[in-house]
Amino acid sequence: MVDFQVERTVPLSVEDAWRRLTDWSRHGDVVPFTRVLVRTPPPTRAGTVFVARSGFGPLAFDDRMEVTGWQPPTADDPGRCRLEKRGRVVLGWAEIEVRPRPGGRTRVIWREELRVRFLPSLFDPLLRVSAGSVFGRAADRLLRTP
């Protein structure tokens, strides 16, 4: 199992950063070779389920996720979302947090603990670096695109 953290400070309001990061179907637009299907009706809340299908043909797999914590940002509190990864291949959790910063900016913290079933721990360092890179680029693209 690997853990990693992506942090960004962006020139967006907390509400706008939150909206961009928690629009689950948009994640398929920014993660290579992936499409995302939201399985529950809107709005997002604890209990929302979505599936990220990644890969090609017989090498594709589903990363099933459920929102288990949902606290949109308010004037006084940061926004926090927790996802549990419950797929056959990908397990673990992710947390997304948005906090206001001076000058109308927002601090984004994306933490993740990731385990890929059948992948020996020998590959953990490579998985940590590649997952951090992929999710860092995904966060950057989500935050840049309205």
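What share of the 146 residues in the protein is made up of buried residues? In this predicted model, where residues are numbered from 1 along each chain as its sequence is written, local features require pLDDT of at least 70 and side-chain atom pairs count only at pLDDT 80 or more, whereas totals for chains, interfaces and linings use all residues. Side-chain values rest on heavy atoms, with hydrogens and water left out. Buried residues amount to 43% of the 146, where buried denotes under 20% relative accessible area, exposed over 50%, and partly exposed the range in between (1.4 Å probe, protein chains only).

The protein contains three helices and seven strands, assigned as DSSP runs numbered from the N terminus (helices H or I, at least four residues; strands E, at least two). Their order along the sequence is β-α-α-β-β-β-β-β-β-α. The radius of gyration is 15 Å, close to the 15 Å given by the globule rule for 146 residues, so the protein is as compact as a globular protein of that length; this radius is taken over C-alpha atoms, and the rule is 2.2 Å times the number of residues to the power 0.38. Along the principal axes, the C-alpha atoms fill a box of roughly 45 × 35 × 25 Å. Of the contacts (heavy atoms within 4.5 Å) with a separation of 6 or more, 47% are accounted for by residues 24 or more positions apart.

In soluble globular proteins, nonpolar side chains tend to be buried together. The largest nonpolar core here has 34 residues, among which Leu-21, Trp-24, Leu-83 and Trp-110 touch the most other members. Helix α3 (residues 124-144) gives the most to this core, with seven residues. Such a core is a set of buried Ala, Val, Leu, Ile, Met, Phe, Trp, Tyr and Cys residues joined through side-chain atoms within 4.5 Å. Residues up to four places away in sequence being set aside, Trp-110 touches Phe-4, Gln-5, Val-6, Leu-21, His-27, Ala-94, Glu-95, Ile-96, Phe-135 and Ala-139.

The end C-alpha atoms of α3 are 30 Å apart, in agreement with the 30 Å that its 21 residues should span at 1.5 Å a residue; the expected span is 1.5 Å times one less than the number of residues. Asp-124, Leu-127, Ala-131, Phe-135, Gly-136, Ala-138, Ala-139, Leu-142 and Leu-143 are the buried residues of α3. They cover an arc of only 170° around the axis, which puts them on the same side of α3, the arc being that of the directions from the helix axis to the C-beta atoms. An α-helix has 3.6 residues a turn, so residues three or four places apart point the same way. The cover over the buried residues of α3 includes β1 (2-10), α1 (14-21), α2 (24-30) and β7 (105-116). Exposed residues Pro-125, Leu-126, Val-129 and Arg-144 are carried on the face turned away from the buried side.

Arg-20, located in helix α1, counts as buried because its relative accessibility is 7%. Its side chain reaches the backbone oxygen of Leu-143 at 2.4 Å. This is a polar contact, namely a pair of N or O atoms within 3.5 Å; within protein, one must be able to donate a hydrogen and the other to accept it, and residues adjacent in sequence count only if both atoms are side-chain atoms. Apart from neighbours within four places in sequence, Arg-20 is in contact with Leu-12, Arg-26, Leu-142, Leu-143, Arg-144, Thr-145 and Pro-146. A further polar contact joins the side chains of Glu-84 and Arg-82 (2.8 Å). Glu-84 belongs to strand β5 (residues 79-86) and, with neighbours within four places left aside, contacts Arg-64, Met-65, Glu-66, Thr-68, Gly-92 and Trp-93.

Several loop residues were also examined. Phe-33, in the loop between α2 and β2, has a positive phi near 60° although it is a residue other than glycine, and is exposed at 56% relative accessibility. Phe-118, in the loop between β7 and α3, likewise is not a glycine and has a positive phi of about 75°; its relative accessible area of 76% makes it exposed. A cis peptide bond, with omega about 0°, joins Pro-42 and Pro-43, the latter lying in the loop between β2 (34-38) and β3. Leu-59 is found in the loop between β3 (49-54) and β4 (61-71) and counts as exposed at 69% relative accessibility.
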